[in-house]
Amino acid sequence: MTAGPTCPIEPGNAAGGAGGAPALSEFWRVNTSQLEATELANLLRALRKVAGAVGPNTGEVVYAGMTASPGDIVLDPEFIIGRYPVSPWKVDYLVGLVAHEALHRREWSDLVWRRAGESGPDLNAREKVVLSKIIHVGEDIYVDSILEGSILGLYNRKARAAAMREMARVLEDAAVSVDGLAYLWWLSAWGEEETCARCEEYREVLEVLKGSTPRLKAMVDEGAGVVERCEKRLAVYLEALEGVREKVSDWKIIDPRVPGVFLVGAPAGVKAERRGEGRGESAVGPDALREVETKLAEEAGDITPLIRSVVDDPEQEVLPTLIWDLNMPALSVADERQAGRIEAIIYRYSDRKVMISRGLTSGRLDRRRLYRAPVNGACFMEKQKVLEPSWGICLLIDASGSMGRGSSWRLVETAVATMHGALRGSGNRLQAWAYYESHGVCVLTSLIKGKELMSASPMGETPSGQAIIAAAHLMPGDRKRRLMIHVTDGASNAGCDVRYGMDFCRERGIQLITLGCGMEDRQVMLEQYGRSVQFIDHLSQLPAALEKLLKWAFLYGYRGKAGLPKGLERALNIEGAKGGDT
């Protein structure tokens, strides 16, 4: 069974429930939204819970167009987009479909296909196709029989009814065929009425396949291991092939494709069935899919799929990337004097919007309200310019082992505390992340938790490229101007190349500026970051550098251009600091 736009599930049809009966998901699905990305993320989260309830090793549930691995359950979202929240009848269908596909993976249906390819090398191309039709229907009968023993069977019935209806449409008025035989066997397994113009011509061969149905359903209650059950099912399918081989030798085959895993030693003439064909394209836009991935990753804490979707070079090393709360309350104290100066910069140089209050009894005359003068005198107005919180600022701090030497980390904590105190209450958004490598994993931990400042323990290497991508993913998209300040004391030496992070920030309109602290050999960082890197001789200069950087950004509204303008380089030339090559 496959999900697609040709499977409408609405009340009043065979899948949605006769007479407009309420959908099953209406009784439990309350986490809904009218926003596309949020609703798709909520639905996918629910479907992943369904797959998890079926059992282990069922793969990840993803939408077409998202990052997928072999064995994942890929759903085409085309038939659910456009109206939100998603119809509960469609949700019922998807729950049944996911449960069905997840059970195929739990029961190792792929092993049946591989063993079938290995055990039948002498079969010709036509016999390979006939056997594949038998295995397709037989495996569906087997897993559906398992689902009938649980509440998921109610959902699976709706998905099966939709798939049967679609298959009947394809085979309508067709000549006698192997595909029609498989369809009638599938119907008979669930007591559906066999109605077709040529049913009598199928009758004799169909009885052979019907004899396999009780044997497949009986395997559900057997206590044998999963491998033994696969071998028993394969024996049933090979026996069924022997029973129908001669009788269907001249029957038409409508769809000659077979799964690629079945092509072990397959003769010429057998086509591979590409179940994942078109996964690179989706009816949902790439921005919406990226937002769905971001929402799911934030909750799960594992954003490795997001990193892989950006780093498209298979030769690049991509470390597993996790968001962990491995932090502790910070003991640092903000520099109140410097925080006051930064606060003054924000107040002076932030964007402003004009708010007009009309209908007042005093103030400036309002030409549009003069007719009220003889009535109640409310013909005045007042214009006010209020700060517009248009900035999203992210501090990305290198917390590798070298940053923990001496008082370096304490100076970083002070700088973060100062920025937090200055931006608090301004409406501008401040994020602060520390990153490091631990046992081959890139870890991000937040340094701001509500109103509380946190700290981390520096360790490991410096996976700067992946940290930049992750931080950019996590920056809110509702700000007109977004600035990321990356503070590090060395070049990236783990994970993917830094250029992927820089390119990703440029695509998303995020200004990335890297501050290299206390580096003697600066050539490596200049090669990695180019003109977007600036240097200061010691971390004690970091607070002053951040202050000058913010002043320049707020004053000139710098947005997303490559490199740093010379004016900003001069602004960062505090005492003892040197800018990157221009």
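What follows is a conversation about the core, the cavities, a pocket and some strands.

Guide: Gladly, and please keep in mind throughout that this is a predicted model.

Visitor: OK, core first. How many residues has the largest nonpolar core, and which have the most contacts inside it?

Guide: The largest nonpolar core has 81 residues, and those with the most contacts inside it are Tyr 63, Leu 75, Ile 134 and Val 292. Helix 4, which covers residues 125-147, gives the most to this core, with 10 residues. As background, nonpolar side chains in soluble globular proteins tend to be buried together.

Visitor: Let me stay with Ile 134. What is it in contact with, leaving aside neighbours within four places in sequence?

Guide: With those neighbours set aside, Ile 134 is in contact with Trp 185, Leu 209, Tyr 237, Ala 240, Leu 241 and Val 244. Ile 134 also belongs to the lining of the largest cavity, where Trp 185, Leu 209 and Val 244 are found too.

Visitor: Cavities, then. How many are there of 30 Å³ or more?

Guide: The count comes to three cavities of 30 Å³ or more, and the largest cavity holds about 50 Å³ of space. Helix 4 and helix 6 (178-189) are the elements that give two or more residues to the lining of the largest cavity.

Visitor: What classes of residue line that largest one?

Guide: The lining of the largest cavity divides into nine nonpolar residues, no polar ones and one charged. Lys 133 is the charged one, and the rest of the lining includes Val 130, Val 137, Val 178, Leu 181 and Ala 182.

Visitor: And the second largest cavity, what lines that?

Guide: The second largest cavity, with about 40 Å³ of space, is lined by Ala 330, Ser 332, Trp 409, Val 412, Glu 413, Val 416, Leu 447, Leu 453 and Met 454. Helix 13 (408-423) and strand 14 (452-455) each give two or more residues to this lining, and helix 13 gives the most, with four residues. By class, the lining of the second largest cavity has seven nonpolar, one polar and one charged residue.

Visitor: Switching topic: how much space lies in the second largest pocket?

Guide: About 440 Å³ of space lies in the second largest pocket. It is lined by 19 residues, of which Arg 48, Glu 60, Leu 296, Asp 302 and Pro 305 are the closest to its centre. Helix 1 (36-54), helix 10 (286-300) and helix 11 (304-310) each supply at least two residues of the lining, while helix 10 gives the most, with five.

Visitor: What's the class make-up there?

Guide: The lining of the second largest pocket has eight nonpolar, two polar and nine charged residues.

Visitor: Last one. Do strands 16 and 17 run parallel or antiparallel?

Guide: Strand 16 (residues 510-517) and strand 17 run parallel and are joined by four bridges, and Gly 516 has Phe 535 of strand 17 as its bridge partner. Within strand 17 (residues 533-536), Val 533 and Phe 535 point one way and Gln 534 and Ile 536 the other, and all are buried. In a regular strand the side chains alternate between the two faces of the sheet.

Key. Residues are numbered from 1 along each chain as its sequence is written. This is a predicted model: local features need pLDDT of at least 70, side-chain atom pairs count only at pLDDT 80 or more; totals for chains, interfaces and linings use all residues. Side-chain values use heavy atoms; hydrogens and water are left out. Buried means under 20% relative accessible area, exposed over 50%, partly exposed in between (1.4 Å probe, protein chains only). Two strands pair if DSSP finds at least two bridges between them. A nonpolar core is a set of buried Ala, Val, Leu, Ile, Met, Phe, Trp, Tyr and Cys residues joined through side-chain atoms within 4.5 Å. Contact means heavy atoms within 4.5 Å. On a 1 Å grid over the protein atoms alone, a cavity is a set of points where a 1.4 Å probe fits but cannot get out, and a pocket is an open set with protein on both sides within 12 Å along at least five of seven lines; lining residues have an atom within 4 Å of a point. Grid points are joined across faces, edges and corners, and a volume is the space filled by probe spheres set on the points.
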